[in-house]
Every structure is written in C-alpha cells, then in structure tokens.
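Here are my notes on the model you sent. Please read them with the structure open.

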Amino acid sequence: MAWEFLTVYWREMIRFVRFRTQLFSSLLQPALWMAFFGIAMSSNLDRFTSSIPAPAGVIPVDYLTFMAAGVIAMTTLFTSLFGGMSLLFDKNWGLMREMLASPMPRTHIMLGVSLSGMTKSFIQASIIMAFGLLLGVQFFPEYSASRIALSILGIFVFVGAFSLGFLLFSSNISMRLESPEGLQGIMTLLTLPLFFVSNALYPIQAFPAFLQTLSIYNPLTHLVTGIRYFALGGDFFAVGARYTTSTAEALGSFAYLAVFAAVMYLLARRTFQQAAVT
Amino acid sequence: MGGDDIIEVCDLEHTFGNFAAVRGIGFTVKKGEVFSFLGPNGAGKSTTINILTTLLPLQKGTVRVAGYDVAREPGKVRKAIGIVFQDDVLDRDLTVRETMEFHGRLYTIPREERRRRIDDLLRIVELESKRDERTKNLSGGMKRRLQIARGLMTWPEVLFLDEPTQGLDPQTRMRIWDYIRQVNGAGTTIFLTTHYMEEADMLSDRISIIDHGRIVVSGTPAELKNTLGEDVVYLETEDDRKARDAISGIEEIRSITESPRGLSVTISTDGSHCLPRIIERVRGAGITISNVNLKKPTMDDVFVHYTGKELRDTGA
C-alpha cells in the first residue's frame, strides 16, 4: 500500500490553514446561511405549517431543524464542487509538474486533494451542527450520548461518501480544463439544479412528477435523507409532510452515494493516468 | 551505443496535431558528463525534455534514461531523475523546509534520511537561515537555489536543469555554476538547457543544438567553435586597398574581405599569433592603422551559424 496521497493531503491542509480568507469564509459561510436564511425562512414557514397538525405519535420538527440538514448538505456540495480548483492552479502555475514527474502514482494526486476536501466538509458540518444547536436546531431529540455519537458518525459517513464523489468529479474536470473561469462556470451551472431539485430546503412530495423523478437521482437528495435519518430519526413530521425512512432505505441512499463515488473515481482515474504536461 | 550512456535517444519524433515538434532526433549522454541541449524557442527542446522526464508520453522512437525505457518503465525513470524546472515552480505558501519535505515525501525517502538531506542541502545552497520562510518571500536567486536543492534531494542519477540561471544577476549565476560543478563532480550527470551560450560553453562536456525539430550539430564546445574555424581580425587603416596588398602574402590568412568600414581577415590558425605579423606588414608598408580587433568564435557564433537566429531575438 502506498501512502503518498497523505503527502498531497498534508500540503492541501497547510494551504487551507495558511490561506486565511479561504479558511474564514469557508467556516463563516454555513453559519451565515443558518443565521439568516434559516431564521428568516423558519419564522415564515413555521407560521403556515403550524396549522397542519402532526399525526399522532410522530415527532414534529420545526423548519430550522429541518433545513439544518439541508445546509450541511449544501455546504458539502459547494465545498466539494470547488474542491478540485487547487489542481487547476497547480497546473497553471507549473506546480503539477513536480508531482507528475515524481514516482508517486498519479491517482494519489486526486486522492490527496479529495481527502483534504472531505476533511474540510467534516469541519464545516461540525460547525453547522454546533452553531445550529446555539440557534435552537433540535438535532438528536432525546438521544442518549452513545446514540448521538453514533448518529454523528453516520452523518460523517454520508458526508464523506457524497463529498468524495463530487471532489473526484471536480478534480477530473479541473484536470481537463485550462481556466479557473471555466470551472467556476460549470460548477455554478451545476449547483442550481443540484441544490433546488432536492429535498434540502423543502419536501419533494409536493414536486411535479417529473421533478420528483429527477430529485430521486440527485445525490444531494440521498445525502440529505441520510443526514436526517441520523439527526432526526426514521419517522418525523416537517413542513406539512411526514418523513419515514427505514434502515433499508437509508442504506439504499448510502449505496447510491457509494456507487456515485465509485463511478467518479473510475472516471477521474482515467484522466489522471493519462495526464501529460505540454 | 556504449554501456556508459545514461541517456539514449533514438529516432524520437513527436507531433502536436499537425505540428511536428520533434522530427527524428537521436543523441546519447554519457554517465557523469554535463550535456547541454540548446536551441531557439520552438525548436523542440521542451518537448524533448518533457518526453525524457516522462511528462509527455512517447509517440515514436526509443528513449532510455538511467537504463529504463521511458514508455515501459516510467516509474523507474522518475525515481532516477531530478528536475529543476525553468520557471519558479514553488508553492508560495509553503516554507523552504516544507517545500523540501513535500518533495522528499513524494519520493518516499524515510523520515530520518529526509531530515538529514534537507539539512545538508540547505547548507550547501546557503538557505539554512531561510528554513521557515515562505517561498514567496525569497529573492529570485534564493528561489532558484531552493529548486536546485530540491532537485538534488533524491540523489538523482541524472539532473535535468532547464534554464537554471535565467533572469539571475551575474554573481548569483556564478554561484549556481559552482553548485552545478559540485553536483557534477559528485557523479551526477547533468542535462542542461540554457539560453546563455557562455554558460553552455563553460559548463558542458558536450553540446547538441536542435532547430526545427532536428539536431543540427553536436560536439564538444571546442569542436563546435573549431568547425566555424577561423579567428577574424578586423582592421581599419588609412588605405585599406594598400593594406590588403601588404598582408596578402601571409600564409595563415584564408580570406580578406573589404568593406567601407575596413578589412576583415579570416585566419586559419590561432589569430593571436598571426596578429603581430599583420600589424608589422601594414606598418612596414607605411600605412597607419587606426583600429584593430581580434575576434575568436564564441558559442554565440556557433549558435547563430547553425540556427540562423540571434538568441536575443528568440525571447525567453
């Protein structure tokens, strides 16, 4: 087993910590989403949805708590989609040549970058959960300490699989593109449908059939399902809809993310193995 | 090809789309020598280096570096070589030590060994005091020295130096030449490209000049300069025609050309031995000499002769 990807990881993390603006903005952004969008939306939506009573025995969940899972997912999506950008700079500044000319297997470049992007997503998810608790997000209702620990682990596993898939995708695209502007364009274009055609901010039950079908193929939907399964349980009521997720369904969502990551790995591996410097 | 050839290139061709960047070149580099690869920009130099260093896939021909085929065993070639890139290829936000550390880890040098080599090399290139400085705060010369130290970290059998002194001041260049000689003295084969002809002249054991994707000439610096042959004496007198007659009997003179600005006399042997006699003859004929100048062929002349280009016109 070769461990050189840890070297790439190590350098990416040094950069993350040294590049102050990137560090602070990436930590602050999710908190701002929670603070402004979350509070504004929940104060409105809770007014409407409070008129729909939860069925007996089902835990009602307020909107802020509901969307907190969506904000974790969204932040993970953004961070991962742009996570490959550093490779583009490496390439344009010639730094990539040092790695390509070294005996390190080339797939380790994308693995190191992906691992660091995943770490950033873990840090961000932790911040959202901690900050959310301050704002009144009711994650882990009446859970025991061990169940909370297990749930956080479960959330991280979902966040990890999802971010890995998108980081490998982003690394692949970055390796093929010439300009950061191009990457920015593609990623911004992808962000909108991925984010809005999902269950991150609202229930998909009310979508038209066509959008519902699309949302089921959206990896973000499966990430949010997983996070809610661990944070809120398999049966709760929010935004006028009842959410039931069996363990099998949660596993299915994870399998979907794992397959997505595996496909992205195979595609990115091809790109990296063929990488040449002109 | 002999057993002591550390680089063997045979019938190498490379095209980008319709453009043939390298059109069938072959050369060898002997173990332990300093080999210079010269050529104007766009001549195929970078393409060749990129193939030799496994950064570009081989299209046609055979290339062996340090005993390994670049197409079949790129991993072994990569382990055996070191590269100092043309531009300052340094991560601005890493410190000097981290830059070295990163490189050492890419080549899986064990930790203790890595630390020892970093200490040694930073001392050699005199960057010990800058250990924890970020590379963006280093001067141009320090950056280049750091890159040389980095290239040496893996104890390569062949060190590729792509324009190692470009844009550096004369003192720094001379120090870098010293490092190159030291490294070569310790047994490392050096593959050098440069736009500075005197650099190639001073450092190289052998030189190849490439132009339009083909090698136009190869040899030792002395051989190359000798192929241009002759030293040239420039002479300005009060009467060039008479002066021409006066010296025409001298055996070593190969040709004399007259121009409005004076005579240029090509000499088949060492010009400095012939010059006193030329002056005596002209004076003897009662002609006053207003200006005299002896020019020996330089690598610049060799380069211009074979590529038809002035180096300074090719840009950087």
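Which strands of chain B does helix H1 (residues 45–52) of chain B lie across? Point 2 takes this up.

1. Ground rules. This is a predicted model: local features need pLDDT of at least 70, side-chain atom pairs count only at pLDDT 80 or more, and totals for chains, interfaces and linings use all residues. Residues are numbered from 1 along each chain as its sequence is written, and chains are lettered from A and ligands numbered from 1 in the order in which they are written.

2. Helix H1 of chain B. This helix lies across strand S1 (5–16), S2 and S4 of chain B. The helix runs at about 120 degrees to S1(B). Helices (H or I, at least four residues) and strands (E, at least two) are DSSP runs, numbered from the N terminus. Axes are lines fitted to C-alpha atoms, for helices over the stretch in contact, and angles run from 0 to 180 degrees between N-to-C directions.

3. The sheet under it. The order is S2-S1-S4-S5 (chain B), an open sheet of four strands with antiparallel pairing. Strands pair if DSSP finds at least two bridges between them. Strand S2 (19–30) and strand S5 (68–69) of chain B are the edge strands. Strand S4 (residues 60–65) of chain B is joined to S5(B) by two bridges. B:Val65 stands opposite B:Tyr68 in S5(B).

4. A second sheet in chain B. Four strands form an open antiparallel sheet, ordered S12-S13-S11-S14. Strand S12 (253–259) and strand S14 (289–295) of chain B each have a single partner strand, so one side of each has no neighbour in the sheet. Strand S11 (residues 231–237) of chain B pairs with S14(B) over six bridges. Here B:Tyr234 stands opposite B:Asn293. Helix H10 (residues 271–284) of chain B packs on this sheet, touching S11, strand S13 (262–267) and S14 of chain B.

5. A helix pair in chain A. Helix H3 (residues 63–81) and helix H10 (residues 219–232) of chain A pack at about 140 degrees, with axes 9 Å apart. They are therefore oblique to each other (angles under 35 degrees count as roughly parallel, over 145 as roughly antiparallel, 65 to 115 as roughly perpendicular and the rest as oblique). Residues in the contact include A:Gly70 of H3(A) and A:Arg228 of H10(A). Contact requires C-beta atoms, placed from the backbone, within 7 Å.

6. Between the chains. The contact takes 20 residues from chain A and 23 residues from chain B. On the chain A side, helix H1 (5–18) and helix H5 (95–100) each give two or more residues.

Technical notes
Contact = placed C-beta atoms within 7 Å.
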